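Subject: Structure for you to look at

Hello,

Here is the structure I promised. Please open it beside this email and follow along.

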Amino acid sequence: MDARGPWPFITMRCVLRDGREVVLRARQHRKGLLRHAGRDGIPFWHRPAYNWWNGLFFAVGSLHFIFASLLSITPGPFTARELALVFFAGSIFFTIAGFMQNLQAANAGQMGGELPDMSVRPRLIGWKPSDIGWLSAITQFVGTVMFNFNTLDAIDPPSQWYLADLTIWLPGLIGSVLFLISGYLAFMETSHGYWSWKPADLDWQIVTSNLLGCILFMGAGIFAYVPRGPEPGWIAFSANLLLCLGASGFLLGALLMMKESRQTGTVTPCPLGPS
């Protein structure tokens, strides 16, 4: 059957469904967006409500980061510790959403057009290194866990600069790198190549918003380094501004995910058209 995708991954292929050959896209398959009309036994991780709640958790986590980063650069009644608690709460919502995303990818089944095998116990983590969707989900999930450490340690930060870098800055930087890898993998999965420009497509809007958020989070992670001596005020300001803009990108992507959850997939007959 005809197939394509950025090497070495396959993100689009012709499959046999209900007696005819149709085009199946990896993201559509992973999230169960191509509804199995008239069929029973759709797993819970492929239901529209699951995708909607997944988007909602990402949105709530993003709002926490937007709120805390904005108040970090503007005068307000909150202490640094209180804002750190808001960041930590937001990271928990991100981790829940990341886990849901990974659970879905780990149990999506083979991209062959069949429903996932319901007799098999769902995998919590999975191991699918040849699946670009799973790689994106697992790197994102591990990245969210790193942000749990980053934000938890920032609630009562150590006074020594090197300990602050080790316990706060380093986990945040690793989380940002993992987010960036995850964001680009998701972009390639939807682009069916290394690059694409499809602003009219909802799935492209989602992954592009998230990728921009990842790039801005990466910038914030670099600026968050704690130096040995005094630090110019513009560095902390820049870090929080980039964090706010990055979280805004994630918020937009999350809201679009919730919209996407209500969609039914468009069945396109084979052969594959332009990507």
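From the N terminus on, the elements of the protein chain run β-β-β-α-α-α-α-α-α-α-β. That comes to 7 helices and 4 strands. Helices (H or I, at least four residues) and strands (E, at least two) are DSSP runs, numbered from the N terminus.

Two notes on the source. The model is predicted, so local features need pLDDT of at least 70 and side-chain atom pairs count only at pLDDT 80 or more, while totals for chains, interfaces and linings use all residues. Residues are numbered from 1 along each chain as its sequence is written, and side-chain values use heavy atoms, without hydrogens and water.

**Overall shape**

The C-alpha trace spans about 70 × 35 × 30 Å along its principal axes. Buried residues (under 20% relative accessible area; exposed is over 50%, partly exposed in between; 1.4 Å probe, protein chains only) make up 50% of the 275 residues.

**The core**

A nonpolar core is a set of buried Ala, Val, Leu, Ile, Met, Phe, Trp, Tyr and Cys residues joined through side-chain atoms within 4.5 Å. The largest one has 30 residues. Phe 58, Phe 65, Phe 179, Phe 217, Leu 243 and Phe 250 have the most contacts inside it. Helices α2 (48–73), α3 (80–106), α6 (202–223) and α7 (233–260) each give two or more residues to this core. Its largest share, 9 residues, comes from α7.

Look at Phe 217. Leaving out residues up to four places away in sequence, Phe 217 touches Phe 65, Phe 147, Ser 176, Phe 179, Leu 243, Gly 246, Ala 247 and Phe 250. A contact means heavy atoms within 4.5 Å.

**Salt bridges**

A salt bridge is a side-chain nitrogen of Lys or Arg within 4 Å of a carboxyl oxygen of Asp or Glu. The count comes to 4. One of them joins Arg 27 and Glu 260, with the closest N and O atoms 2.9 Å apart. Arg 27 is in helix α1 (residues 26–30) and Glu 260 in helix α7, 233 residues apart. Arg 27 is buried, at 7% relative accessible area. Glu 260 is buried too, at 3%.

Glu 189 forms a salt bridge with Arg 30, the closest N and O atoms being 2.7 Å apart. Glu 189 lies in helix α5 and Arg 30 in helix α1, so this pair ties together parts 159 residues apart in sequence. Both residues are buried.

Best wishes
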